[in-house]
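Hi,

Here's the structure I said I'd pass on.

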Amino acid sequence: MLVDQGLNDKWARPQRLTRIMPGRYTITLKEPLGKHWHGEIATCALPSEIRHCPVRVSQNGAATACQKSGGLLAILVENFQPGEERTYEVHASDQRKETTENGVRFVSSGADAVFTNGLIALKLPATQQRRLPVVPGPILAVRRGNSPWLGRGRLESPFAVRSIKTRIVEQGELWTTAEVVYTFDGGHTYRVRIQMRPTDEVCE
């Protein structure tokens, strides 16, 4: 799954962003590489007018999965044909908050937390407010489906670890992001973010 943030091949960078009325815009994409894209994510900057409110995206009247991330809007682009030009409509939603249910689960138990979509699962260190003689790595183990856990991650550092904080920092229709933050003596920090999509067998 390619998440195009305008930093790679830029295949799905919007051709036009047009304001058609207050709080309502159209975004036009054009496939320039002559390829068929089954399911990709395209992102674009949100206009300031709708940046801080829930939004909805549709194509020909049908709802399209989307997610806001910072000042960007991510849209799920499905079955995009070679050379096709496609227009999506974006408008402010009357919902109080964005849709966050996507099938990705985060369950903390004891010293571990499991981050999974059912296809792939990661074992992360749970939040701990104490010094640890052996410091667990940000990813302790991984498995697919119900297979055995593989790996035994740990972190080596010249600084003593004072605490670990693990939490979900982003959740929407398209992905969920978990964050593991280590705080060391002297105020140093190390931060790792892991992004998981509901139907992918890999994560970033």
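Keep in mind that this is a predicted model. I started with glutamine 128, which sits in the loop between strand S12 (120–125) and strand S13 (135–136).

Is that residue buried or exposed? Glutamine 128 has a relative accessibility of 10%, and because the cut-off for buried is under 20%, glutamine 128 counts as buried.

What does its side chain do there? A polar atom of the glutamine 128 side chain lies 3.3 Å from the backbone oxygen of alanine 126. There is also a polar contact, at 3.3 Å, between the side chains of glutamine 128 and arginine 130. Leaving aside residues up to four places away in sequence, glutamine 128 touches Ala111, Pro136, Ser163 and Ile164. One of these, Pro136, belongs to strand S13 (135–136), at one end of the loop that holds glutamine 128.

The other thing I looked at is a sheet. Five strands form an open sheet in the order S2-S3-S9-S5-S6, and the pairing is antiparallel. Its edges are strand S2 (16–21) and strand S6 (62–64), each of which pairs on one side only. On average, neighbouring strands in this sheet are turned by 35 degrees against each other, with direction ignored.

Cheers

Notes. Residues are numbered from 1 along each chain as its sequence is written. This is a predicted model: local features need pLDDT of at least 70, side-chain atom pairs count only at pLDDT 80 or more; totals for chains, interfaces and linings use all residues. Side-chain values use heavy atoms; hydrogens and water are left out. Two strands pair if DSSP finds at least two bridges between them. Helices (H or I, at least four residues) and strands (E, at least two) are DSSP runs, numbered from the N terminus. Axes are lines fitted to C-alpha atoms, for helices over the stretch in contact, and angles run from 0 to 180 degrees between N-to-C directions. Buried means under 20% relative accessible area, exposed over 50%, partly exposed in between (1.4 Å probe, protein chains only). A polar contact is a pair of N or O atoms within 3.5 Å; within protein, one must be able to donate a hydrogen and the other to accept it, and residues adjacent in sequence count only if both atoms are side-chain atoms. Contact means heavy atoms within 4.5 Å.
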